[in-house]
Amino acid sequence: MHSQWGLAGSLAALISLTLLAANLFLQQGLSASLVLLSLINIGLIGHIFNLFRRQQRQAEMVIRALANGDSTLGLGKHNPMRQQFEQVKNQMQTARFNAEQQAQFLQALLIHIDLAVLVCDNHGKVIESNPAVVKLLGQSVTHLNQLETIGDLLLSSETNFRTTSQWHSGEQQDTLSIQLSIAAIQGKNRRVISIQSIHDQLQHKEQQAYKRLTKVLTHEVANSITPLASLAHTCTSLLPKTLSFHDDEDKQDLQLALNTIASRTQHLGEFIARFRQVSQLPAAKLHPTDLAPMLHRVVALHQQHANEHSITLTQHTHTQQLVMLDPAQIEQVLINLVKNALDVLEQQATLKSESPDQLNARISLTLGQNSAQQYYLEVADTGPGIPEHVLDMIFVPFFTTKQQGSGIGLSLSRQIMLNHGGDLIYVQKPHGACFRCVFG
């Protein structure tokens, strides 16, 4: 209303000025043409002023309608401005819908992939992360300094890079592949970090290499052993009883040599048969199995032998749960571990010229659950433990510290656990050795 009265007042004032100017022009004797031209100019100025006020009023009305959520903008249905606004609104809604769809897709993708993704600022503060980070690293990460040396490396780098690093998640060691990309997002520098575990792939390649090696060796060695053993037996049987030497001891030495060749080739053949187990391990037949009765059976199997050597054999069950596994293969793993522990304790007693009872020799079998909610079977003893300089070799096929050992038991046991989706790990403890069968 104020604007309408203001506009009417302005027009009235403009008309008054026009009449006054015309009167002055007539009094001064000016021509009618000049008066008419002046009136036209004044009229045009008034019209332009009127249009300006109308546009201003319309703009105010549009802004007020937008503020109130009125999509009609207060305009008529066929007003060109309203039609153009509808087109712009539809385009904006379509663009926003597409952006939201893309954001939801990316969010769902990050949630479902096993690749851990972190987005950080230049100070190491984590801005975004996906659930795979907690699953892989065993903890929620809010700052790169939680990743220790890995975080320092990621924060100090000024260029994109890819690297691998060791990582301890609970009791298990992992190998991580890490990639850093530095990018400008919304005008700010961001560090996009992707992390994935390559531990299983490395182990798989390692096991495949061992299998290929054992296949070649067993084939070549077995082909040489078989004729050697046959020739040794044949030569022994061909020696005539009447065969004479200048020295009787020479004949005895020959017979001893042939018998030794036959004996050693037989033992080597048995070793090759065990050797072949590493490359010909049958596929696991998985069944839901209660671990507690299995632990009890293994203890009962070795109880008499332990009692005869004054070794205390105990079992501890902290949880009970059905686990998908091959009972025969897992039981064989436990038997191997318990047998190794018995051998170590007996050897320790022999070296110290004391009985195992005097050394307080004990073997404990434990069924439990670790911090990562994984079930495990553990065999621990009170022996001397494993020296640090050989820890990296204990699962390598045919490596052994025993004089009479073949070096197959631990590598075969670990391969069985890997085939079950778990692992066989050595747990460092202040005293004794501890092997833990972890189920995935």
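Gln166 is found in strand E3 (residues 161-169), where helices (H or I, at least four residues) and strands (E, at least two) are DSSP runs numbered from the N terminus. The model is a predicted one, in which local features need pLDDT of at least 70 and side-chain atom pairs count only at pLDDT 80 or more, while totals for chains, interfaces and linings use all residues. Residues are numbered from 1 along each chain as its sequence is written, and side-chain values use heavy atoms, with hydrogens and water left out.

With 43% relative accessibility, Gln166 counts as partly exposed; on this scale buried means under 20% relative accessible area, exposed over 50%, and partly exposed in between (1.4 Å probe, protein chains only). Neighbours within four places in sequence aside, Gln166 is in contact with Ile150, Gln173, Asp174 and Thr175, contact meaning heavy atoms within 4.5 Å. The side chains of Gln166 and Thr175 are joined by a polar contact of 3.4 Å. Such a contact is a pair of N or O atoms within 3.5 Å; within protein, one must be able to donate a hydrogen and the other to accept it, and residues adjacent in sequence count only if both atoms are side-chain atoms. A separation of 6.2 Å is found between the C-alpha atoms of Gln166 and Leu176, which are 10 residues apart along the chain.

Ile150, a contact of Gln166, also belongs to helix H5 (residues 149-156), whose buried residues are Ile150, Gly151 and Leu154. These cover an arc of only 95° around the axis, which puts them on the same side of H5; the arc is that of the directions from the helix axis to the C-beta atoms. Thr149 and Ser156, on the other side of H5, are exposed.

Asn370 is buried, at a relative accessible area of 11%, and a polar atom of its side chain lies 2.8 Å from the backbone nitrogen of Gln374.

Turning to helix H10 (residues 409-419), 9 of its 11 residues are buried, so H10 is largely enclosed by the rest of the structure. Among the buried residues are Leu410, Ser413, Ile416 and Met417, and these four also take part in the meeting with H9, whose side includes Gln329, Val333 and Asn340. Just after H10, Gly421 takes a positive phi of about 80°.
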